[in-house]
Amino acid sequence: MRNEKELEIIFCKWCGQDTSMLGIGICDSCWELETKIERDLEIAERIILSIKAHKCKKTEKEIEKAALIISQRVMDEWYGSEEFPEDCQLFEEILCGLLQDNPEECERLIGTAFCEEEEVKDD
Ligand SMILES: [Zn+2]
């Protein structure tokens with residue numbers, strides 16, 4: 001028989017490490033980070049975007065250009081673009097924003113049929 005009561009362990013919902021913080025379901029480190037992010041979400045988003053952008057080989061301007069080209073091209077090809085021009089415009093804006101906020105993913109599409117390398121070259 002054990003003297004110590006065995007601690008119940010769960011896995012942190014953010015990092016997957018085991019934690020005994022059953023109530024909140026996240027480890028100390030992730031709780032700290034989450035609390036800081038929540039304090040100023042807008043600044044946290046800008047910091048994250050900047051860190052992601054620095055991992056790219058393309059410049060910020062090239063990513064912006066690529067996001068615009070890719071979103072326009074995708075929507076031009078959509079079969080409903082003539083019947084639903086406003087919905088199409090909305091989706092194009094959303095898609096462009098998502099691509100700009102994910103520069104690494106956007107960069108992956110440069111050099112594909114969606115966006116040629118030459119189209120985004122910085123002048
Ligand atoms: Zn964690």
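What follows is a short exchange about a predicted model and the terms used for it.

Guide: Local features in this predicted model need pLDDT of at least 70, side-chain atom pairs count only at pLDDT 80 or more, and totals for chains, interfaces and linings use all residues. Residues are numbered from 1 along each chain as its sequence is written.

Visitor: How many helices and strands does the protein chain have?
Guide: Six helices and two strands, in the order β-β-α-α-α-α-α-α from the N terminus. Both are DSSP runs numbered from the N terminus: helices are H or I with at least four residues, strands E with at least two.

Visitor: What span is expected of helix α3, residues 60-77?
Guide: The rule is 1.5 Å times one less than the number of residues. For the 18 residues of α3 that gives 26 Å, and the helix reaches 26 Å from its first C-alpha to its last.

Visitor: What makes a nonpolar core?
Guide: Buried Ala, Val, Leu, Ile, Met, Phe, Trp, Tyr and Cys residues, joined through C-beta atoms within 7 Å. The largest here has ten residues: I63, A66, A67, I70, C96, L99, C106, I110, C115 and V120. Helix α3 gives the most, with four residues.

How values were computed
A residue is buried if 20 or more other C-beta atoms lie within 10 Å of its own, exposed if 12 or fewer, and partly exposed in between; C-beta atoms are placed from the backbone.
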